[in-house]
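Hi everyone, thanks for having me.

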Amino acid sequence: MIRTLQILGFLLLGALLSPAQTSFPGDKELERICQGLVHSSSLVVVAVPPSQPDEIVDRAKLKAALAPGHVPDIAQLNDQIVGRLFNAKVVDVLKGEAAVKNGEVVKLFVSGGDMVSFDALNVVEPGKKAIFFLSRMSESDPRIKDAGVLPPQPKTMELLPLDVSALYKFTDENARSMMSSSPKTLKMVKKLIRDDSRAKPSRH
Amino acid sequence: MSSSGQILGRYALPLARQRLGSYFSDNDGDALLGAQHLFVTDERDSAVGFNLSTSTIDLNWQAPSCGGFPCPLISLAGVAAGDQLILEQTGNGDGSSTLLALTPGTSGCPTPFCATAASVPNATLSGFDFSGTVFSPTFETFLFTDDFFCMCVIPPSASGGGATIGGAVSAPDANVTPAPDLLPPWPEQAMDGKRESSVKITISPVQTIQDGDTASFSVSVTGTDPNDPPTYQWSFSAPKSAGNNPNVNFTDPTSASTKTDGHWFAYPNETCPSAPASSAYDIRVSVMIPNSAPKNKKSKLTINLPMVGGSTSNALLSGIPDFSFDSTRMVYFVSGPGTLARATPPVTIFLAPASQFYNKSAQHENVHVQQYLTGMLSDLYTVSGLMAVLSPLTDPTSDGLTSKYVAAATAYLTSQKALLVARHDAAEIEAYNVSDLIAPQYFYQRCGVTHFPLPQ
């Protein structure tokens, strides 16, 4: 059953498992991918993830796991984790300046109920600067509808409230939505953002 | 009939034999479309014109009665300016043929024929039929020497079995065979293109599949003779400079429907950095309709590769530790590993089993499995490691110990994740060192990358 849930979780939430064998696209393909991401993202930032993320825990599942007289299987403990919350420090806002400023924190939800801590395509690595292509997360998203925050290294399973306002997720959770912040990639993304803003008439 | 296919009216055509030799637009001379008229003949006795503007029959020609055998055969030869119907009557009793020009609006033609005596501008055969016995090779060459159209049939012995049609557009010299003129300046409305437009050929839309999957293509042809169906030939093409041996195998290359395999090719032919995940073949079908030039239709077959070929889970641990009560200390404690166990890590391959990359991906993931079992990740997610954090736990109540167990186990899993992230690059390089040697050496190659999986 747990295995089934893990597979189902993968199908629903995208590539959650790792290590994984991936492809490394060429410049043109990368530009094509970025072009789509730039267009679809409401926020594009260069940011540094924190040393450890918080876990987002489904309250109902946790309650079931902690039911009196019941000792949960360790595999079940993973099932209650619906994702992770990275409070990433913004270094450079490339698109969506109204949402966040340099030096502020952007709250990033990374889906993942599996035991694995990262997505095979979008590995958010602690302390590693990267370009994030983000979109606002709907407050009605079922994954966070009844969820709480479990800080790193918890002593108890006491959940903190999850502030769903200004919460972001990857623009495409099932595909690449992170890029290296190398000068070359950064230059390309900035150009694509300029092109995209020129092509799209301002609504203001 | 309206553009949407609604039938707006039905009109009986006064054909003496109440039948058509075959159906419209099969180009054998029993029906023709003019600028304003649909002309139809029953091949023996009648030819009628249905005025498409007024929905009336304004041409009704009846052949002279035939007393002998065989009777002449009638076919529609073409439509001249002013919607004059050129009608061809072959197999007369003396072996001659007659060409008639019938003018709509004249209704019943005067006796003997309403035939133009001299010439018919731009009137050339557009339909004819050699299949009738009337026009058998026994007639051999014959020239009609009146001021009418001239038709020549060359004996098989002289032409290698072929036959030639001559088209006269002005009063012919009775002693000269007109030069063949197979591509005359037709009246626009009677050109082949107009007639053939009633043949509809539709091919399947663009198909997109993953490498190793199959696709289905079909072609639908309407408006052809059901007794003489078309034949088909499927083919493909890919960019000339593409790599990884572009190929499409058709299961039924000469049928109206066929399946294909899905073989991704590299275009541009680049290994590092990788060629795009999508490659597209042009899929063509050539439709051979009897007595007509082959017609080609084109579609596309796009083959995709998933960005992630496979992955290995670290969902290794399962089970429940043993809890006991220490009556000396009056506390519950974790007394042993119970059913805790570490399993072989599950592998998921995101490629179709028939994919050319399946083995490459499976071998890559197998390296990760071995890393967990005996290699660089074998110290992660272990029962002993978990027990090291669970063993010190105590609580006066069973539920209290359970709560501490859940918190400690969750923290342990989190710590293992952090270690896994730290070793991720080294683990991947080791796996790529194995899989990069396996063909096809495209797309899932490491390409010198040392930090995974972000593109540089």
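Okay, let's start with a pair of helices in chain A. H2(A) and H5(A) are oblique to each other, because an angle counts as oblique when it is neither roughly parallel, roughly antiparallel nor roughly perpendicular. Before I give you the numbers, one thing to keep in mind: this is a predicted model.

So what do we quote for a pair like this? Two packed helices are described by the angle between their axes and the distance between the axes. Here, helix H2 of chain A covers residues 27-40 and helix H5 of chain A covers residues 183-199. They pack at an angle of about 50°, and their axes are 9 Å apart. The crossing of H2(A) and H5(A) is right-handed.

Which residues of H2(A) meet H5(A)? From H2(A) we have A:Glu31, A:Cys34, A:Gln35, A:Val38 and A:His39. Across from them, H5(A) brings A:Met188, A:Val189, A:Leu192, A:Ile193 and A:Asp196.

Staying in chain A for a moment, let me pick out one residue, A:Phe170. You'll find A:Phe170 in strand E9 of chain A, which runs over residues 167-170. Is A:Phe170 buried or exposed? A:Phe170 is buried, because there are 26 other C-beta atoms within 10 Å, and the cut-off for buried is 20 or more.

Now look at who is around it. A:Leu134 is 36 residues apart from A:Phe170 along the chain, yet their C-alpha atoms are separated by 4.6 Å. If we leave aside the neighbours within four places in sequence, A:Phe170 is in contact with A:Asn122, A:Phe133, A:Leu134 and A:Ser177.

Chain B has 456 residues, and 35% of them are buried. Its secondary structure comes to 5 helices and 22 strands. And if you take the contacts in chain B with a separation of 6 or more, 61% of them are between residues 24 or more positions apart.

Let's do the helices here too. Helix H4 of chain B, residues 383-390, and H5(B) have axes that come within 9 Å and cross at roughly 135°. H4(B) and H5(B) are therefore oblique to each other as well, and their crossing is right-handed. On the H4(B) side the contact is made by B:Leu386, B:Val389 and B:Leu390, and on the H5(B) side by B:Tyr405, B:Ala408, B:Ala409 and B:Tyr412.

The largest nonpolar core has 73 residues, and the ones that touch the most other members are A:Val45, A:Leu108, A:Phe109, A:Phe132, B:Tyr405 and B:Ala409. Which helix gives the most to this core? That's helix H5 of chain B, residues 398-435, with 12 residues. There is another core lying apart from it, with 22 residues, among them B:Val48, B:Ala77, B:Val79 and B:Leu99.

As for B:Tyr405 itself, setting aside neighbours within four places in sequence, its contacts are A:Val71, B:Pro321, B:Val334, B:Leu390 and B:Leu393.

Last stop: two sheets in chain B. One is an open sheet of 3 strands, in the order E5-E6-E7, with antiparallel pairing. Its edge strands are E5 (73-80) and E7 (98-102) of chain B, and each of these pairs on one side only. From one strand to the next, the twist averages 25°. Strand E6 of chain B is residues 84-90, and E5(B) pairs with E6(B) over 7 bridges. For a landmark, find B:Leu73, which stands opposite B:Thr90 in E6(B).

The other is also an open sheet of 3 antiparallel strands, in the order E9-E11-E13 of chain B. At the edges are E9 and E13 of chain B, each pairing on one side only, and the twist averages 15° from one strand to the next. Strand E9 (residues 200-203) is joined to strand E11 (residues 215-222) by 4 bridges, with B:Ile203 opposite B:Val219. On E11(B)'s pairing with strand E13 (residues 257-260), we have 4 bridges too. There, B:Phe217 has B:Thr258 as its bridge partner, and B:Ala215 stands opposite B:Thr260.

Methods: Residues numbered from 1 in each chain as written. Chains lettered and ligands numbered in written order. Predicted model: local features only at pLDDT ≥ 70, side-chain atom pairs only at ≥ 80, totals over all residues. Core = buried A, V, L, I, M, F, W, Y, C linked by C-beta atoms within 7 Å. Buried ≥ 20, exposed ≤ 12 C-beta atoms within 10 Å, placed from the backbone. Contact = placed C-beta atoms within 7 Å. Pairing = 2+ DSSP bridges. Axes fitted to C-alpha atoms, helices over the stretch in contact; angles between N-to-C directions. Parallel < 35°, antiparallel > 145°, perpendicular 65-115°, else oblique. Left-handed = near helix turned anticlockwise from the far one by under 90°.
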